[in-house]
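Please consult the sequence and the structure shown here while reading.

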Amino acid sequence: MGHNKDPRRQLQGAVSKAQGKWFEERLDAAFAQYRKNGFAIIEKTPEPMRPVQSLGGGKFVAFFEKKAQPDYKGIIKGGRTVMFEAKFTGAAKMEQNRVTEGQAEYLDQHQALGARCYIIAGFSSGNVYRFPWPIWKDMKKYFGRKYISESDAKIISYLVPAMQDGFLLLLD
């Protein structure tokens with residue numbers, strides 16, 4: 001029995017992966033620009049890895065651990081802590097549960113201490129939306145369901161403005 005892969009699904013997967021990478025590059029570029037301008041220092045959280053076997057010479061076998069911390073965190077001029085969990089979808093909607101329980105707990109704790117916490121949602125249209133964590137967390141209350149479509153996001157105007165060159169105004 002041969003397991004033939006559907007070329008359309010393979011292509012869609014490749015397109016989504018490329019769009020997701022572009023989404024991340026846009027975020028990185030925006031945060032780099034904010035740093036250059038002295039407005040904020042926002043850094044990508046490294047993926048936590050657990051080494052399980054030494055191969056010698058500084059090489060090792062490791063696995064990625066489940067990440068509780070958000071994708072980006074930093075400080076805005078004036079001292080405000082800010083955190084972003086970035087999610088991208090090639091689909092028409094984004095599920096609330098894309099934020100893990102561990103990530104939700106982390107965001108809750110930091111939000112309670114005064115940090116500004118957001119979910120940045122990228123859609124295949126190229127549009128990017130910034131949701132305050134309390135809104136994302138209580139999605140059912142605000143949208144009547146546990147997912148959001150791009151048209152919902154447009155209506156409530158969480159669209160992140162972009163400059164003509166595509167630079168995302170994530171902190172405006």
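## Salt bridges

A salt bridge is a side-chain nitrogen of Lys or Arg within 4 Å of a carboxyl oxygen of Asp or Glu. The model is predicted, so that local features need pLDDT of at least 70 and side-chain atom pairs count only at pLDDT 80 or more, while totals for chains, interfaces and linings use all residues. Residues are numbered from 1 along each chain as its sequence is written, and side-chain values use heavy atoms, with hydrogens and water left out.

Across the whole structure, seven salt bridges are found. One of them joins E24 and K44, whose closest N and O atoms are 3.7 Å apart. Because E24 lies in helix 1 and K44 in strand 1 (residues 40-44), this pair ties together parts that are 20 residues apart in sequence. Helices (H or I, at least four residues) and strands (E, at least two) are DSSP runs, numbered from the N terminus. E24 is partly exposed at 35% relative accessible area, and K44 is partly exposed at 39%. Here, buried means under 20% relative accessible area, exposed over 50%, and partly exposed in between (1.4 Å probe, protein chains only).

K21 also forms a salt bridge, with E25, at 3.4 Å between the closest N and O atoms. The two residues are four apart in helix 1 and therefore separated by about one helical turn. K21 is exposed at 52%, whereas E25 is partly exposed at 42%. The side chains of E85 and K87 meet at 2.9 Å, N to O, in a further salt bridge; E85 is buried at 2%, and K87 is buried at 10%.

## The largest pocket

The largest pocket holds about 210 Å³ of space. On a 1 Å grid over the protein atoms alone, a pocket is an open set of points where a 1.4 Å probe fits, with protein on both sides within 12 Å along at least five of seven lines; lining residues have an atom within 4 Å of a point. Grid points are joined across faces, edges and corners, and the volume is the space filled by probe spheres set on the points.

Its lining comprises 14 residues, with F23, E24, D71, A86 and K87 nearest the centre. Helix 1 (7-36) and strand 5 each supply at least two lining residues. By class, the lining has five nonpolar, one polar and eight charged residues (Ala, Val, Leu, Ile, Met, Phe, Trp, Tyr, Cys and Pro are nonpolar; Asp, Glu, Lys and Arg charged; the others, Gly among them, polar).

## T89 in strand 5

T89 belongs to strand 5 (residues 80-89) and is buried, at 7% relative accessible area. Leaving aside residues up to four places away in sequence, T89 touches M94, R98, G122, F123 and S124, where contact means heavy atoms within 4.5 Å.
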